[in-house]
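Trainee: I have a model open and some questions about how it is put together. Can we go through them one by one?

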Amino acid sequence: MLFIRSIFRHVVVCKLLFASSCIFAVTVGTYNLPPFSMHEDGENLGMVTEAMTTLLSRSNVQDYQIIDYPLARGLAELRAGRIDIFYPYVVTVDNEIPKTYTLIGPIAKYHMALFVRKDYHKEVSILAMQNSIVSAERGGIEHSLLQPHAHHIEEATQTISCLRMVLAERVAACAIGTLPGQYVAAINNLASHLRHVETGDTANMYVVIGDSLPKEMVEKIKAAYADLKRDDYFAKQQNTYETKFQLFIKSMS
Amino acid sequence: MILYFKRYLWFVLLCCSFSVAHAAELYVVVSNNLRGTSFTQGEIKHILLGEITSVKNARVKLIYPSYSSQAIVTLSMFVGKGSNVRDLKSYWSKMIFTGRGNPPETADTDAELKKFLAEDNAIGVTTNPAGMNVVYTINI
């Protein structure tokens with residue numbers, strides 16, 4: 001009995017030690033939208049992840065963790081104070097955030113496209129598909145971009161399910177970012193069955209900082225952003241990333 | 001009795017399909033300048049994963065079979081990425097986006113593969129190595 005108690009005590013102590021080693025000063029949420037932010041082959045990658053890592057390192061913030069979330073969930077986590085920073089944040093009518101939060105950016109631009117089956121021969125555009133059913137990721141950026149056009153939107157839980165709904169002919173098109181759509185289609189062997197058309201709708205992506213961070217840290221992050229912007233870091237990073245992305249798409253085709 | 005026979009038949013068919021699926025043989029083929037070079041299994045794996053990037057002091061040009069072929073599944077299993085090709089793609093995604101490696105070319109046909117092998121230091125894989133320099137046989 002004493003032996004069991006001793007083991008139990010050790011387990012509790014180990015758990016406490018483990019838990020304390022996992023507490024980070026800053027928690028950053030990123031939208032789990034490949035190729036912007038993704039967990040591939042055991043590593044966190046992507047343009048958004050790289051941008052955040054650089055921004056925090058320039059701000060001398062070393063003690064942080066990055067967690068990927070679906071867009072709506074990430075924003076909910078920020079509002080609940082469980083994360084301190086979220087990127088990317090897109091300003092739309094339906095996702096207004098408290099005035100005490102700080103927006104930094106715009107850092108990058110998001111381009112929307114409509115993905116349809118290769119054998120879909122009708123016109124592919126927002127206007128031409130107004131009477132068709134279009135799928136979009138629940139709470140995603142496209143959802144907000146589509147709403148003003150009064151489409152019948154079928155919600156998908158993930159990017160991959162949005163594309164699969166098109167292949168299964170449950171919807172006419174999947175509205176999604178050009179790069180995310182191409183990436184997910186390529187990596188899941190769907191690219192040869194789909195084609196896409198850019199709609200021309202774009203969204204500016206910002207970093208949003210919640211009110212949980214101390215003011216000095218927010219100021220440091222703002223200053224780091226200004227420095228990086230002056231060096232044209234974000235534009236250069238986007239160019240490099242797009243080159244790598246084209247290489248990736250070419251290699252998977 | 002019929003029920004028993006049916007069950008037995010299913011078992012036999014299952015075994016056959018299993019052995020067919022796993023009897024895949026893949027050949028590692030090289031350019032003429034690498035003919036006769038011997039590679040260990042470990043070296044071949046590292047080459048196919050883009051971890052060994054040069055052989056004989058020259059950059060290796062790696063050629064994969066099409067990502068929609070059965071051969072890529074065998075290759076993926078051989079390099080330790082499992083039978084789901086998505087994992088192999090995920091690996092290359094990491095290599096490309098972190099700048100650690102360049103992705104392999106893909107050859108959809110043997111004719112295309114031969115064209116690549118006409119250049120020096122090219123290493124590819126095929127199920128049909130007729131007329132090519134085989135340096136290693138992959139059995140899965």
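Trainee: In chain A, what share of the contacts with a separation of 6 or more comes from residues 24 or more positions apart?
Mentor: Keep in mind that this is a predicted model. Chain A holds eight helices and 10 strands. Of its contacts with a separation of 6 or more, the share from residues 24 or more positions apart is 73%.

Trainee: How much of chain A is buried?
Mentor: Chain A has 253 residues. The buried ones make up 40%.

Trainee: Which strands stand at the edges of the eight-stranded open sheet in chain A?
Mentor: The order is E4-E1-E5-E10-E6-E9-E7-E8, with mixed pairing. From one strand to the next, the twist averages 30°. An edge strand here has a single partner, so one of its sides is left without a neighbour in the sheet. That applies to E4 (64-69) and E8 (152-156) of chain A.

Trainee: Within that sheet, which residue is the bridge partner of A:Phe86 in E10(A)?
Mentor: Strand E5 of chain A covers residues 85-90, and E10 of chain A covers 194-209. The two run antiparallel and are joined by four bridges. In E10(A), the partner of A:Phe86 is A:Val208.

Trainee: Helix H3 of chain A packs on the sheet; what angle does its direction make with that of E1(A)?
Mentor: H3(A) spans residues 71-79 and touches E1, E4, E5 and E10 of chain A. Its direction makes an angle with that of E1(A) of about 155°.

Trainee: Helix H2 of chain A lies across which strands?
Mentor: H2(A) covers residues 47-58. It runs at about 155° to E1(A). The strands it lies across are E1 (26-31), E4, E5 and E6 (102-117) of chain A.

Trainee: Are H2(A) and H8(A) roughly parallel or roughly antiparallel?
Mentor: H8(A) spans residues 233-252, and its axis comes within 11 Å of that of H2(A). The two axes cross at roughly 150°. The cut-off for this class is over 145 degrees. The helices are therefore roughly antiparallel.

Trainee: And which residues of H8(A) make the contact with H2(A)?
Mentor: The crossing is right-handed. H2(A) contributes A:Met47, A:Glu50, A:Ala51 and A:Thr54. By class, the residues of the contact divide into five nonpolar, three polar and one charged. From H8(A) come A:Tyr233, A:Phe234, A:Gln237, A:Gln238 and A:Tyr241.

Trainee: How many of the 10 residues of helix H6 of chain A are buried?
Mentor: H6(A) runs over residues 178-187 and is largely enclosed by the rest of the structure. Among its buried residues are A:Leu179, A:Tyr183 and A:Ile187. Just after the helix, A:Asn189 takes a positive phi of about 60°. The buried count for H6(A) is nine.

Trainee: Which helix of chain B do the buried residues of H6(A) pack against?
Mentor: Within chain A, they pack against E6, H5 (159-167), E9 (173-177), E10 and H8. From chain B, the helix is H4 (85-97).

Trainee: How many residues of chain B are in contact with chain A?
Mentor: They meet 14 residues of chain A. The chain B side has seven nonpolar, four polar and three charged residues. The number of chain B residues in contact is 14.

Trainee: In chain B, which residue of E7(B) is the bridge partner of B:Val29?
Mentor: Strand E1 of chain B (residues 25-30) pairs antiparallel with E7 (residues 133-139) over six bridges. E1(B) is also joined by four bridges to E6 of chain B (residues 122-126), again antiparallel. In E7(B), the partner of B:Val29 is B:Val134.

Terms used. Residues numbered from 1 in each chain as written. Chains lettered and ligands numbered in written order. Predicted model: local features only at pLDDT ≥ 70, side-chain atom pairs only at ≥ 80, totals over all residues. Contact = placed C-beta atoms within 7 Å. Nonpolar A, V, L, I, M, F, W, Y, C, P; charged D, E, K, R; others polar. Pairing = 2+ DSSP bridges. Axes fitted to C-alpha atoms, helices over the stretch in contact; angles between N-to-C directions. Parallel < 35°, antiparallel > 145°, perpendicular 65-115°, else oblique. Left-handed = near helix turned anticlockwise from the far one by under 90°. Buried ≥ 20, exposed ≤ 12 C-beta atoms within 10 Å, placed from the backbone.
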